[in-house]
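Please examine the fold displayed below before reading on. The paragraphs that follow lead from the whole chain to individual residues.

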Amino acid sequence: KTGSGHHRCLFFYKNPEYRPEDIVEQYRAFMIDPVVIYFHRDVIGRAMKPDDIKGLTDYFQRELAVALNRQYFVVDTPGPNVARLRIAITGVAASNFRLTIHPTLAAVDLEKAAMEIELIDSKTAKRIAALMDLRPRSGYTKFDGLTIRKHSEAVIDAWITEILNRLDSVYKVPGLPSIPSNKSSDPVIKNEGTDQRS
């Protein structure tokens, strides 16, 4: 837990039933579910383009897959040795900046949004780990729709970095300097087929 208040915290949970060495052995590939968005209540009555929303969720899923593939495997269906990542962005707001082309439209703003992610067994849905990042992400100048989107992508990039750091800690076996990657030598992976806090 970090931060200075309920709305500026990071919560991370690891299921104590799993030893790191068991996780390394059992879950050697990841499936990423479509990213889900929940809007802040203040968004009611505001209009946003569906393509803008889809663009951000697609960006999150694509960039996370790219980052994971550097060390792990990413697959698209559940199966043996597959862990599933379920991701939600909550508290998504509409920017106060009105788009010039259409004054009734607002841009998607992630500055005060939160990210929630759960790592579960793809077959049994048993929770392996969970992460909630409630920290606001600010500091990026937002002049128009383009810079607001750039800010949102920067927020997503920061979330992906946090996910990878926490995932590495889940897979870190005590006594070993790092988790070895099996990407070049292990042909076994085939695509066959929240209330805890700390």
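To how much does the accessible surface of the protein come, and what percentage of it belongs to carbon and sulfur atoms? The accessible surface comes to about 11,000 Å², and 52% of that area belongs to carbon and sulfur atoms. Accessible areas here come from the Shrake-Rupley method with a 1.4 Å probe, and for residues only the protein chains shown count as cover. The model is predicted, so that local features need pLDDT of at least 70 and side-chain atom pairs count only at pLDDT 80 or more, whereas totals for chains, interfaces and linings use all residues. Residues are numbered from 1 along each chain as its sequence is written, and side-chain values use heavy atoms, with hydrogens and water left out.

The protein has three helices and eight strands. Both kinds of element are DSSP runs numbered from the N terminus, with helices (H or I) of at least four residues and strands (E) of at least two. Read along the sequence, the elements follow the pattern β-α-β-β-α-β-β-β-β-β-α. Of the 198 residues in the protein, 44% are buried. Buried means under 20% relative accessible area, exposed means over 50%, and partly exposed lies in between, with a 1.4 Å probe and protein chains only.

The largest cavity holds about 110 Å³. On a 1 Å grid over the protein atoms alone, a cavity is a set of points where a 1.4 Å probe fits but cannot get out, and lining residues have an atom within 4 Å of a point. Grid points are joined across faces, edges and corners, and the volume is the space filled by probe spheres set on the points. The lining of the largest cavity includes F12, L85, I117, L119, L131 and V170. Elements that give two or more residues to this lining are β7 (114–121), β8 (127–133) and α3 (145–171). Helix α3 gives the most, with four residues. By class, the lining has ten nonpolar, no polar and two charged residues. In this classification, Ala, Val, Leu, Ile, Met, Phe, Trp, Tyr, Cys and Pro count as nonpolar, Asp, Glu, Lys and Arg as charged, and the others, Gly among them, as polar.

Aromatic side chains provide a further point of interest. The structure holds five aromatic pairs. In one of them, the rings of Y18 and Y27 have their centres 6.0 Å apart and their planes at 65°, so the pair is edge-to-face. Rings of Phe, Tyr and Trp (its six-membered ring) pair if their centres lie within 6.5 Å; planes under 30 degrees apart count as stacked, over 60 as edge-to-face and the rest as tilted. Both Y18 and Y27 are buried. F30, Y72 and Y171 form one aromatic cluster.

Several residues bring together parts of the chain that are separated in sequence. Q26 belongs to helix α1 (residues 20–26) and is partly exposed, because its relative accessible area is 34%. The C-alpha atoms of Q26 and P80 are 8.1 Å apart, although 54 residues separate the two in sequence. In helix α2 (residues 50–69) lies D58, which at 30% relative accessibility counts as partly exposed. D58 and P34 are 24 residues apart along the chain, with 8.0 Å between their C-alpha atoms. G91, in strand β5 (residues 82–98), is partly exposed at 26% relative accessibility. From C-alpha to C-alpha, G91 and R41 are 7.8 Å apart, with a sequence separation of 50 residues.

Backbone geometry draws attention to two loops. Most residues other than glycine have a negative phi. N81, in the loop between β4 (73–75) and β5, has a positive phi near 65°. A125, in the loop between β7 and β8, also has a positive phi, of about 65°. N81 is partly exposed, with a relative accessible area of 27%, and A125 is partly exposed at 46%.

Which strand holds D109? D109 lies in β6 (residues 106–109), and it counts as buried because its relative accessibility is 11%. A polar atom of the D109 side chain lies 3.0 Å from the backbone nitrogen of E111.

Key
A polar contact is a pair of N or O atoms within 3.5 Å; within protein, one must be able to donate a hydrogen and the other to accept it, and residues adjacent in sequence count only if both atoms are side-chain atoms. On a 1 Å grid over the protein atoms alone, a cavity is a set of points where a 1.4 Å probe fits but cannot get out, and a pocket is an open set with protein on both sides within 12 Å along at least five of seven lines; lining residues have an atom within 4 Å of a point.
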